[in-house]
Amino acid sequence: MRDALYLYGRYISASVRGQMAYKASFIMLTLGHFVITGIEFITIIVLFARFGTLEGWSIAEVSVFYGLVAITFSLSDAAARGFDLFADMIKAGDFDRLLVRPRATALQLAGQELTLRRIGRFTQGLVVFLWGASQLHLAWNAARIALTLAAILGGACLFYGIIVLQATLAFWTTETLEIVNSVTYGGVQTTQYPLAIYRQEFQRFFTYVIPLACTCYFPIVAILGRPDPLGSPEWFRWVSPAVGVLFLVLSLQVWKVGVRHYTSTGS
Amino acid sequence: MRAYRALISARFRMLLQYRAAAIGGIGTQLFFGLAMIMAYEAFYRSSSAAQPMSYRDIVTYVWLGQAFLAMLPWNVDTDLRALIRSGAVAYEMLRPMDLYWAWYCRALALRIAPTLLRAIPVVTLAMLFLGMHLPPTPASAAAWALGMLGSLFLGCAFTMLMNISLLWTISGEGITTLIPALVLVCSGMNIPLPLFPAWAQRILYWLPFRGLIDVPFRLYLGEIPPGEAGPLFLQQMAWTAALILAGRWLLSRGKRRLIVQGG
């Protein structure tokens with residue numbers, strides 16, 4: 001385990017140094033991502049200016065949801081680049097090279113790149129989150145801070161798990177299935193509003209099939225300290241981020257099945 | 001002229017190859033459309049004040065947006081990017097065609113082919129099951145069709161600006177990510193322009209982005225009566241001409257400073 005962490009650290013530091021080789025271009029790209037994801041938030045501002053409230057949720061509360069989802073997704077997106085590009089690797093037959101190395105394939109893929117420019121979306125999410133939280137005058141005790149960090153960690157694991165599953169599918173299909181984007185980008189789009197505003201089928205899907213609600217809804221309701229219109233038990237809101245970690249662990253098991261199934265395309 | 005036509009049809013056939021991707025794309029599009037509609041539904045439930053657009057119209061508007069998403073200038077021609085990176089763009093310049101129009105034809109194919117693959121199934125499904133409506137009168141439908149044609153030419157002029165920007169920035173991620181983000185917000189793709197605050201509307205109605213989504217979609221809904229379409233079409237065409245002129249000027253400058261790296 002220590003050996004794996006050490007190796008991951010080496011991979012990441014190489015990737016970071018590579019990206020820092022062109023500093024000006026890196027700064028431009030990061031700023032660009034900050035501005036572009038910021039433009040997205042205009043949508044929410046305009047809708048609240050027009051309608052005033054979203055079924056009793058204020059713009060400050062929605063900002064907390066929006067900000068935390070952006071933070072969460074940018075973290076997993078930055079770390080999952082290797083899995084993102086996995087289908088191309090399969091097509092080119094490059095995956096064989098990973099198999100002959102005496103280390104876990106998932107570790108090698110995870111270590112491919114830490115995409116630093118995602119810090120643009122991360123910062124934008126953080127700014128929106130801090131703005132929303134400051135408007136609400138939340139009492140920031142240790143428990144709330146811990147729950148916020150747990151929700152971020154659990155959410156990042158969950159998104160990572162989805163990306164791993166998407167990559168795993170490529171063992172059978174040899175191409176990225178765009179439909180999975182409904183769950184990743186669609187999940188981000190959906191959970192930027194409180195899940196309670198959607199129709200029941202949607203809520204069920206994001207609770208039981210892809211448990212995004214456990215990291216991007218229930219814990220945030222607890223952080224905001226308001227009653228849940230969906231009626232989840234109070235204790236569950238505090239432990240639900242663990243579901244995200246569990247999801248990642250399961251995804252990695254499915255990944256192993258995929259690796260066993262793998263036959264090279266030979267090109 | 002024949003050469004340009006051949007160019008369009010060759011690119012077109014190439015792009016139609018990606019049918020499997022299109023099917024996956026349709027599922028994603030339906031998902032995003034549903035999520036957006038549900039959010040609007042909740043917003044409309046939250047306020048009893050009269051809104052500039054009815055919920056019924058919003059549903060149709062969202063599905064139109066999902067159906068014609070690929071027609072928006074949201075990406076560059078990746079083959080052109082590869083040509084510019086490898087230096088093979090020099091061959092492009094040797095062809096006995098006007099470079100701007102040749103690339104413009106590629107852009108037309110890039111916009112039309114994926115749109116055809118996605119729009120027809122998305123519109124069909126949305127009409128049958130998801131609450132999308134037909135235009136109220138044949139005149140609205142005709143005005144919409146004309147508006148879409150104008151939107152196509154305008155969108156290609158935008159695409160060309162992004163393509164040409166690649167001559168300056170090799171990795172091409174600056175302008176090519178900024179323009180699509182502006183397009184999504186300012187064209188009315190993310191939210192219909194009538195829902196913006198009045199002061200923002202006054203600015204947005206002047207900008208070129210409006211001709212991409214706002215004009216044709218509101219003609220479809222009959223929210224802009226067909227009789228009032230004339231000046232809007234003129235504005236659309238004027239911006240298209242301006243962007244084409246700007247693109248041609250940039251391209252001629254870019255060609256002069258282009259250094260082909262041998263190898």
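Analyst: Helix α7 (residues 138–165) of chain B packs against helix α11 (residues 229–257) of chain B at an angle of about 20°, with the two axes 9 Å apart. This is a predicted model, in which local features need pLDDT of at least 70 and side-chain atom pairs count only at pLDDT 80 or more, while totals for chains, interfaces and linings use all residues. Residues are numbered from 1 along each chain as its sequence is written, and chains are lettered from A and ligands numbered from 1 in the order in which they are written.

User: Why is α7(B) called roughly parallel to α11(B)?

Analyst: Angles under 35 degrees count as roughly parallel, over 145 as roughly antiparallel, 65 to 115 as roughly perpendicular and the rest as oblique; the angle here is about 20°, so α7(B) is roughly parallel to α11(B).

User: What makes the buried residues of α15(A) line one face of the helix?

Analyst: The buried residues (20 or more other C-beta atoms within 10 Å of their own; exposed means 12 or fewer, partly exposed in between) are A:Gly244, A:Phe247, A:Leu248, A:Ser251 and A:Trp255. Seen down the axis, they fall within an arc of 100°, so they line one face. On the other side of α15(A), A:Val249, A:Gln253, A:Val257 and A:Arg260 are exposed.

How values were computed: Helix = DSSP H or I, 4+ residues; strand = E, 2+ residues; numbered from the N terminus. Arc of directions from axis to C-beta. Axes fitted to C-alpha atoms, helices over the stretch in contact; angles between N-to-C directions.
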